[in-house]
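Q: Please take a close look at one part of this model: the surroundings of the ligand. What lines the site, and what touches the ligand there?

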Amino acid sequence: MNKKTQQRRVFVVLLLPLALFFAVAGTVFLFPHENILHLVSFLTALLLSVAIQAAVFQRHIMPNVVELQKFKQIASEQEKGAQMLVRRDLELTRANEQLRKLDEVKSSFISVVAHQLRTPLSGIKWTLNLVLKGDLGALSEEQQTFLFKAYESNDRMIALVNDMLGADRIESGKIRYQFAPLSLLPVIDAVLFELSPLAGAKGVAVQFKNRPEKIPLVRADAEQMRAVLQNLLENAVKYSRAGGTVLIALAAGNREVTVTIKDDGIGIPQEQQKSIFERFFRASNAVKVETDGSGLGLFIVKSIVEKHGGRIWFESEEGKGVTFYFTLPVAQAV
Ligand code: ADP
C-alpha cells in the first residue's frame with residue numbers, strides 16, 4: 001500500500017466520522033429544543049457516529065490488524081529461522097573443523113605408513129637385486145625366475161606406496177612446485193630411456209614422432225613433469241598389446257606446447273570415460289588385462305598439469321587405443 005492510500009485511509013477512519021458527529025451535534029446545539037427531542041437528536045448523532053466508526057473500523061482497520069498479526073508471525077518465524085541458521089552455521093563450522101582435523105590425521109597416517117613401508121621395501125629390493133645379480137652365489141634358472149617375480153612384485157608395491165604418498169601430498173597441498181623455464185625434450189628422452197626395458201619386455205615400440213631439435217621452453221617443475229610423462233607413457237605401454245605402437249609428439253603454439261601420447265591398445269570403454277581422472281578409478285577392461293594398478297596415476301597427472309596452468313584430455317575408443325593430450329604454458333608467454 002502506498003503512502004497516499006494510507007493517508008486517505010486514516011482520514012476516512014478517524015476524521016470523517018468525527019466530522020459527521022460534530023456536524024450533527026453542532027446543528028442540535030445551534031437549534032436547541034428544551035425537551036426530550038434535544039436529547040434524542042444528540043443521542044442519534046452519537047449513535048450514528050459510533051456506528052459509522054464501527055463500520056469503518058471493521059472495513060479498514062480490522063484487515064490491517066489481521067495483516068499486522070500475520071506480519072508479526074512472519075517476523076517471529078523469520079527470527080526463529082535466523083536463529084536456526086546461526087545454530088546450523090555454528091554446527092557446520094564445528095563439523096568442518098572436525099573434518100579438517102580428521103583429514104590431517106588421515107594424511108599423517110598415510111604419510112607415516114607409506115614412509116614406514118618404503119624403507120623395508122627398499123631393503124627388499126636391494127637384497128633381491130643382490131641375489132639376482134649372483135653376488136651371493138649362483139642361482140638355478142628356476143630360482144632366478146621366482147626371485148625375479150618377487151623383485152617385480154616388490155617394485156609394484158613401491159610404486160603403489162609412492163602413488164599413495166603422491167596423491168596424499170596433492171590432496172593436502174603439500175607439493176611445493178619449483179616453476180622454471182624448462183625444455184621438455186631432455187625430460188621426454190630420459191623417460192623414454194627408462195621405459196625401454198618395460199616396452200621391450202612387452203614388445204611395444206615407443207616412438208618420438210618428428211622429434212624437433214628445439215622447442216619453446218615451458219613454465220614447469222622438472223620433477224613433476226617427469227612424473228606426468230612417466231605416468232602417461234607407462235600407461236600407454238602397460239595397456240598396449242604385444243606388437244603395439246606408442247607415439248609421442250610435440251606441437252608448439254604461441255602460448256602453449258601440446259604433448260600427445262597415442263597408443264593402439266585396449267582403449268577405454270565409452271561409459272567409463274567420465275571417471276578416468278577420479279582417484280582409484282580403473283576401467284573394467286584394464287582390470288582384466290592388467291591386474292596391478294592403483295588408479296591414482298591419472299588423478300595425480302591431472303592435478304599436476306592443472307597446477308601448471310595446463311589442460312589434459314583424451315580421446316578413446318575401446319579396443320582401438322587412447323590418445324592423451326596435455327598442454328603447458330610457454331615460459332615467455334606467462
Ligand atoms: P592405473 O594404471 O594404476 O590403474 P591410472 O590412474 O594411471 O591407474 O589410470 C586409471 C585408469 O585409466 C586405468 O586403470 C585404465 O583403466 C585407464 N587408462 C589409463 N591410461 C590408459 C591407456 N593408455 N589405455 C587404456 N586405458 C588407460
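A: Start with a term. Helices here are DSSP runs of H or I with at least four residues, and they are numbered from the N terminus. Keep in mind that this is a predicted model.

Now the shell. The ligand is surrounded by 22 residues. The closest are Asn235, Tyr239, Arg282, Ala283 and Leu298. Helix 5 gives the most to this shell, with 4 residues. Sorted by class, the shell has 12 nonpolar, 7 polar and 3 charged residues.

Next, look at single atoms. The side chain of Asp263 has an N or O atom 2.9 Å from a nitrogen atom of the ligand. Ala283 uses its backbone instead: an N or O atom there lies 2.9 Å from an oxygen atom of the ligand. Gly295 also has a backbone N or O atom to look at, and this one is 3.2 Å from an oxygen atom of the ligand. How much of the ligand does the protein cover? On its own, the ligand has 530 Å² of accessible area, and the protein covers 98% of that.

Helix 7 (residues 297–307) packs with helix 3 (residues 141–171) at an angle of about 40 degrees. Their axes are 10 Å apart, and the crossing is left-handed. On the helix 3 side, the contact includes Asp163, Gly166 and Ala167. On the helix 7 side, Phe299, Ile300 and Ser303 are among the residues that meet helix 3. By class, this contact has 5 nonpolar, 3 polar and 2 charged residues.

Note on methods. Residues numbered from 1 in each chain as written. Predicted model: local features only at pLDDT ≥ 70, side-chain atom pairs only at ≥ 80, totals over all residues. Heavy atoms only, no water. Axes fitted to C-alpha atoms, helices over the stretch in contact; angles between N-to-C directions. Helix = DSSP H or I, 4+ residues; strand = E, 2+ residues; numbered from the N terminus. Left-handed = near helix turned anticlockwise from the far one by under 90°. Contact = heavy atoms within 4.5 Å. Nonpolar A, V, L, I, M, F, W, Y, C, P; charged D, E, K, R; others polar. Near = heavy atom within 4 Å. Polar contact = N/O pair within 3.5 Å; in protein donor to acceptor, adjacent residues only side chain to side chain. Areas by Shrake-Rupley, 256 points an atom, 1.4 Å probe, with all protein chains shown as cover.
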